[in-house]
Amino acid sequence: MTELGLGGGPLGGLFQPVEDDAAAATLAAAWESGIRYFDTAPHYGIGLSERLFGEFLREQPRDAFTLSTKVGRLLVEQDPAGRTDEAFQVPATHRRVWDFSRDGIRRSLEDSLVRMGLERVDVLYLHDAGEHFEAALNDGYPALAELRAEGVVRAIGAGMENAELLTTLVREADVDVLMLPGRYTLLDQSALDQLLPACQERGVSIIAAAVFHSGVLAQLRPVEGAMFGYQTAPAAVLERANRIAEICAAHRVTLPQAAMAFPLTHPAVAGVVVGMRSAEEVRQNVSSFAAAVPAQLWRDLCAEGWLDERVPVPR
């Protein structure tokens, strides 16, 4: 896995539609930039993201990249009747049905492979299981473990925002990796309470996602109307983000550079996944990710109370 991965949400039409040509250019730019970890899900554009990823990755050497997708939602075909999907800007050709059963997990993976036109994925995550956690733990996890034992997938885990439930999964199951959106970022370090220590104890890796919190940390200086957690950022969040940006600027670091670099300061974090919708976004983010960030920045942010004092930064 490369430390920087491409997340498939935007290529599924998150917030705004994406043309196939633009999506192909985005994926090509990621590949040319050295990105070799690609993460998608049936949920993203009710299958569109997986289809686009597959069209590109089928043309690459299979052992040259790592691919993850997710299970927990089955896509059932329906008549769109002129409607747009509620979550993504795509025609509502399918509806999502929650299913963390053994049969549901296997069917979801099979459907994903058909959409992508690939023979395998490397990592399989239980997706957004917060309201279905008992089913995910008791039925979904054993199904993933079975697929791993059979050699169908190489690694298993879960992806969701609820750090407390992820901690339970780490302690009660044998998972390899977690995708953690928005809980170990410049604006939220709540994963320090239980999850990250549990991952270190059990040898579980973290892939940090949503490091920009839907956009507020992707701007040099966040302005009114910036997105935070899929909603408009409140004034307090804008104020906090701008204060962090000021301290970053004193170290000749931009806010996006710091946002991508920060999660990797923790030893449990193996990589960062960023959703991108254009080749230009890819080039900008790859450049930002490569920027050197001095350890003194983290120390100053801790000293001024903008980062949790437990953040393990170099001293």
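Q: Is the crossing of α7 past α10 left-handed or right-handed?

A: α7 passes α10 in a right-handed crossing. Right-handed is when the near helix is turned clockwise from the far one by less than a right angle, left-handed when it is anticlockwise. Helices (H or I, at least four residues) and strands (E, at least two) are DSSP runs, numbered from the N terminus.

Q: OK, and where do the numbers come from?

A: This is a predicted model, where local features need pLDDT of at least 70 and side-chain atom pairs count only at pLDDT 80 or more, while totals for chains, interfaces and linings use all residues. Residues are numbered from 1 along each chain as its sequence is written, and side-chain values use heavy atoms, with hydrogens and water left out.

Q: Back to that pair. At what angle do α7 and α10 cross?

A: Roughly 140 degrees, with the axes of α7 (residues 235-250) and α10 (residues 295-303) coming within 10 Å. Axes here are lines fitted to C-alpha atoms, for helices over the stretch in contact, and angles run from 0 to 180 degrees between N-to-C directions. α7 and α10 are therefore oblique to each other; under 35 degrees would be roughly parallel, over 145 roughly antiparallel, 65 to 115 roughly perpendicular, and the rest is oblique.

Q: Which residues meet there?

A: From α7 it's I244, I247 and C248, and they meet L297, D300 and L301 of α10. Contact means heavy atoms within 4.5 Å. The residues of this contact divide into five nonpolar, no polar and one charged.

Q: What about α5 and α6, at what angle do they pack?

A: About 20 degrees, with their axes 9 Å apart. So α5 and α6 are roughly parallel to each other, and α5 passes α6 in a left-handed crossing. On the α5 side the contact is made by A163, L166, T167, V170, R171 and E172, and on the α6 side by L195, A198, C199 and R202. By class, that gives six nonpolar, one polar and three charged residues.

Q: Which residues of α5 are buried?

A: In α5 (residues 163-172), those are A163, L165, L166, T167, L169 and V170. Buried means under 20% relative accessible area, exposed over 50%, and partly exposed in between (1.4 Å probe, protein chains only). Their cover includes α4 (133-149), β7 (155-159), β8 (177-181) and α6 (195-202).

Q: New topic: where does F15 sit?

A: In the loop between β1 (4-7) and α1 (20-32). Most residues other than glycine have a negative phi. D128 has a positive phi too, about 50 degrees, and is not a glycine. D128 is in the loop between β6 (123-127) and α4.

Q: Next, S68. Buried or exposed?

A: S68 is buried, at 0% relative accessibility, and lies in strand β3 (residues 66-71). Its side chain makes a polar contact with the side chain of D39 at 2.6 Å. A polar contact is a pair of N or O atoms within 3.5 Å; within protein, one must be able to donate a hydrogen and the other to accept it, and residues adjacent in sequence count only if both atoms are side-chain atoms.

Q: And what does the side chain of H127 join up with?

A: R73, through a polar contact of 3.2 Å between the side chains. H127 is in strand β6 and is buried, with a relative accessible area of 6%. Beyond four places in sequence, its contacts include W98, F100 and G159.

Note on methods: Nonpolar A, V, L, I, M, F, W, Y, C, P; charged D, E, K, R; others polar.
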